[in-house]
Amino acid sequence: MKFATISLEEKILVGIVDENGIVPLNDAEEKRTGRRPYAEDLVTCMEQEDFLNNVRSLIHWIEEQNDQANFYIPMEKVKFLAPIPRPRKNIFCVGKNYVEHAIEMGSKEDIPKHVMVFTKAPTTVIGHLNDVLEHKEVTEQLDYEGELAVVIGKRGKGIEKEKALDYIFGYTILNDITARDLQKKHKQFFIGKSLDTSAPMGPWIVSSDSITDPNSLNITTTVNGEVRQQSNTTHFIFPIEEVISVLSKGMTLEPGDIIATGTPAGVGKGFNPPRFLKAGDTIEISVEGIGTLINKVARDK
C-alpha cells in the first residue's frame, strides 16, 4: 500500500495511491459505513488501533464495487504534500553510510566504524513537486543527496536488530539537501542540513509489507536528466536493522519518526570541480519499489 498526504481544494487528506489515482480514506469509508474514522494526518493514523488491517479491509471492499472509479481522485488534480508534512521530531539522518560516499567526502580514513547520526529540523520538509529554495543569501554550495528513508510505526526502546524491521511502518524517499559551505563554516551538520525546503520527501510511504528487503533496493539520483548517483542499499555500511537498534539504545523511537539511511557516492561536492545546484535544476530520486521523488530548485521568494 502507498499512503499519501494530499491537498485538494484547501483540504488536507490522507489517501491510498495506486495506478488508478488516489482514494481518500475517509471519503471511501464514509461511503462504506457512513463514518469518517481516520485522522487527516498520517502519524495519528499510524497510532490508531488496527489501522493497516482496517485499510486493507476498505481496499478489498472497494475492489468489489461496480463503481470503483467514483472512489478515485486523479493525481493531476491534487497537490502532494510530504507524507508526514510536519514531523513531530527532527529527522534522524545517517551520515556516510556508503563507503564510496565517505571516500568522496574525504578519504578512506573517513569510513565510519560506528553509526554516524545527525538531524534535520521539521521545518525542512516539503513534498513531491514542491520547490527547493536556492537560498542564495546564505549558501553558494547547495547540494543533493538521494536517500531511502524509514518511517517508524510503533514505539520501541532497546530494539534488538533481529526484531528491528517489525517496528517499521513503511519506506519513502528523502532528498537530504545540504549547504556544504555552511557545514564547513560551522563545523557541524545541523545548520547546513536544516535550511527551509531542504528535506523533500515522498511522494508517498510504501507500507513495510510491500518491500521484501529494504537492504537490497536500487537507488538513482538524476539532475536535469543526468545520472549522478546510482547504487543499491546492499552497499550500506550499517544496514537498517543496525541503525534502528543503535538509535533505540536509551532513546525511545515513536510512530512517525523518520530515519534517512544515507546517500551513495555522486553528490555535487564529490565532483572535481564540484557541481552544486542552481535555480532551474530538477532533481529526481528513484528508489526501487517506492517510486520517484521530483523537485525543482527555485530562486528565493
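Select Ser194 first: apart from residues within four places in sequence, Ser194 is in contact with Thr119, Lys120, Ala121 and Thr124. The model on screen is a predicted one. Ser194 sits in the loop between helix H6 (190-193) and S13. Its relative accessible area is 14%, which means that Ser194 is buried, the cut-off being under 20%. A polar atom of the Ser194 side chain lies 2.9 Å from the backbone oxygen of Phe190.

Move on to strand S13 (residues 199-207), where Pro203 has its place. Show the backbone here: the peptide bond joining Gly202 and Pro203 is cis, with omega about 0°.

A cis peptide bond also joins Asn272 and Pro273, again with omega about 0°. To find Pro273, select the loop between strand S16 (258-260) and S17.

Strand S17 (residues 282-287) pairs with strand S14 (residues 218-223) in the antiparallel sense, over five bridges. As a landmark on this pair, pick Ile219, which stands opposite Val287 in S17.

Now extend the selection to the sheet. What is the order of its five strands? The order is S8-S18-S17-S14-S15; the sheet is open and its pairing is mixed. Strand S8 (131-133) and strand S15 (226-232) are the edge strands, each pairing on one side only. From one strand to the next, the twist averages 20°.

Select helix H7 next. Is this helix largely enclosed or open? H7 is largely enclosed by the rest of the structure, because six of its eight residues are buried. Those buried residues are Ile240, Glu241, Val243, Ile244, Ser245 and Leu247. To see what covers them, show strand S5 (91-95), strand S6 (116-120), strand S10 (146-152), strand S11 (168-175) and S16, which are included in the cover.

Keep Ile244 highlighted. Apart from neighbours within four places in sequence, Ile244 is in contact with Val150, Ile152, Ile159, Ala164, Ile168, Leu253 and Ile259. In soluble globular proteins, nonpolar side chains tend to be buried together. In this model, the largest nonpolar core has 51 residues, and Ile244, Ile259 and Ile290 are those with the most contacts inside it. Helix H7 (residues 240-247) supplies the largest share of this core, four residues.

Select Cys45 and Cys93. Cys45 is buried, with a relative accessible area of 0%. Cys93 is buried as well, with a relative accessible area of 1%. How many disulfides does the model contain? The count is zero, the rule being that two cysteine sulfur atoms lie within 2.5 Å.

**Two residues with positive phi**

Go to Asp50, in the loop between helix H2 (42-47) and helix H3 (51-63). Asp50 is a residue other than glycine, yet its phi is positive, near 60°. With 44% relative accessibility, Asp50 counts as partly exposed.

Then select Leu129, in the loop between strand S7 (125-126) and S8. Phi of Leu129 is also positive, near 70°, and this residue too is other than glycine. Is Leu129 buried or exposed? Leu129 is exposed, because its relative accessible area of 55% is over the 50% cut-off.

**Last stop: across the model**

Finish at Glu109, which is found in the loop between helix H4 (99-104) and S6. Glu109 counts as exposed, at 73% relative accessibility. Glu109 and Leu13 are 47 Å apart in space, C-alpha to C-alpha, and 96 residues apart in sequence.

Terms used: Residues numbered from 1 in each chain as written. Predicted model: local features only at pLDDT ≥ 70, side-chain atom pairs only at ≥ 80, totals over all residues. Heavy atoms only, no water. Pairing = 2+ DSSP bridges. Axes fitted to C-alpha atoms, helices over the stretch in contact; angles between N-to-C directions. Buried < 20%, exposed > 50% of the residue type's maximum accessible area, 1.4 Å probe, protein only. Polar contact = N/O pair within 3.5 Å; in protein donor to acceptor, adjacent residues only side chain to side chain. Contact = heavy atoms within 4.5 Å. Core = buried A, V, L, I, M, F, W, Y, C linked by side-chain atoms within 4.5 Å.
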